[in-house]
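Take a first walk through this protein, from the whole fold down to single residues. Keep the sequence and the model side by side as you read.

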Amino acid sequence: MKYQDFGLITVGQRHTRSLDAEGAEFTWRSDWVELTLTFRNPSLAEQWAVESGVFEVALNVVEQVPFLCFRIFQVDKYAGPGRTKPATLVLPWQECPFHLCQLHPEQLPNFDPVLHNPNFQLPLAVVLTDLETKRVRAVRQFALGSFLSRSFVEALLKTFPHYTRLSYPNAVDRILAKHQINTIGDSARIRCRSEQ
């Protein structure tokens, strides 16, 4: 993967997909997934976490709504040979619903590469933006594990008939109201990590 594959997303440029409030959102782009994080004046530590931290990404389907969840750890790379590398949680679970009804029918992705290649790893671009300026403050790219990639696509296809553009927002609100923060991510069984 190269940055040009992700539309030349670079630090300092305005990002048209910056969110209107603080938070995180996964969006499907032609043949890759973008995770947009929008924070108010992201600190250097938050920028470092996006650029260098270890992402744990998880999939959970709750009431026919797929949730891609993620959290970020800082791992001590200098623990010494044979010693367990201690990890510090930098950003707790962020639980992001994603459903195909959010896409215009003409924008539905081609899932064949994932479905027909068991080793396919879905590329992910992580873009940290500043809420006020809408400018990119950090960029990261890695690939989701092949099992999570395939499971995500299968979940999208299986849940597609369950909601429309009109019914989906109410379903998400209902689900989030019923589940305490972090429980959707904590209960996810399909997980992968970014490179360490």
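Buried residues make up 46% of the 196 residues in this protein. Keep in mind that the model is predicted. "Buried" here means a relative accessible area under 20%. The outside can be counted too. The protein exposes about 10,600 Å². Carbon and sulfur atoms supply 51% of that area.

Now look at the overall build. There are five helices and eight strands. From the N terminus on, the order is β-β-α-β-β-β-α-β-β-α-α-α-β. The radius of gyration is 17 Å, close to the 16 Å that the globule rule gives for 196 residues, so the protein is as compact as a globular protein of that length. Along its principal axes, the C-alpha trace spans about 50 × 40 × 35 Å.

How does the chain meet itself? Take the contacts between residues at least 6 apart in sequence. Of these, 68% join residues at least 24 apart. Charge is the next topic. The protein carries 21 positive and 20 negative charges. Their mean positions are 3 Å apart.

Is Val-50 buried or exposed? Its relative accessible area is 1%, so Val-50 is buried. Leaving aside residues up to four places away in sequence, Val-50 touches Leu-37, Phe-55, Val-126, Leu-128, Ala-138 and Arg-140. Ser-187 is another matter. Val-50 and Ser-187 are 137 residues apart along the chain, and their C-alpha atoms are separated by 24 Å.

At 53% relative accessibility, Asn-41 counts as exposed, because the cut-off for exposed is over 50%. Asn-41 still has partners. Not counting residues up to four places away in sequence, Asn-41 touches Glu-46, Asp-130 and Arg-137. Asn-41 and Thr-129 are 88 residues apart in sequence, and their C-alpha atoms are 8.5 Å apart in space.

Move on to the loop between strand E3 (54-62) and strand E4 (65-75). Gln-64 is found in this loop. At 32% relative accessibility, Gln-64 counts as partly exposed. Its phi is near 65°, a positive value in a residue other than glycine. Asn-182 lies between helix H4 (168-178) and helix H5 (183-186). At 23% relative accessibility, Asn-182 counts as partly exposed.

What does Thr-159 touch, leaving aside residues up to four places away in sequence? The partners are Val-61, Gln-64, Pro-66 and His-99. Thr-159 is buried, with a relative accessible area of 2%.

Next comes the loop between strand E5 (87-97) and helix H2 (112-116). Leu-103 has its place here. Leu-103 is buried, with a relative accessible area of 12%. Beyond residues up to four places away in sequence, Leu-103 touches Trp-28, Leu-108, Pro-109 and Arg-165. Leu-103 and Trp-28 are 75 residues apart in sequence, but 8.6 Å apart in space, C-alpha to C-alpha.

Finish with the cysteines. How many disulfides does the protein have? The count comes to zero, with a disulfide taken as a pair of cysteine sulfur atoms within 2.5 Å. Cys-101 is in no disulfide. The nearest cysteine sulfur to that of Cys-101 belongs to Cys-96, 16 Å away. At 7% relative accessibility, Cys-101 counts as buried.

How values were computed:
Residues are numbered from 1 along each chain as its sequence is written. This is a predicted model: local features need pLDDT of at least 70, side-chain atom pairs count only at pLDDT 80 or more; totals for chains, interfaces and linings use all residues. Side-chain values use heavy atoms; hydrogens and water are left out. Helices (H or I, at least four residues) and strands (E, at least two) are DSSP runs, numbered from the N terminus. The radius of gyration is taken over C-alpha atoms; the globule rule is 2.2 Å times the number of residues to the power 0.38. Buried means under 20% relative accessible area, exposed over 50%, partly exposed in between (1.4 Å probe, protein chains only). Contact means heavy atoms within 4.5 Å. Accessible areas come from the Shrake-Rupley method with a 1.4 Å probe; for residues, only the protein chains shown count as cover. Lys and Arg count as positive and Asp and Glu as negative; His and the chain ends are not counted. The place of a charge is taken as NZ of Lys, CZ of Arg, CG of Asp or CD of Glu.
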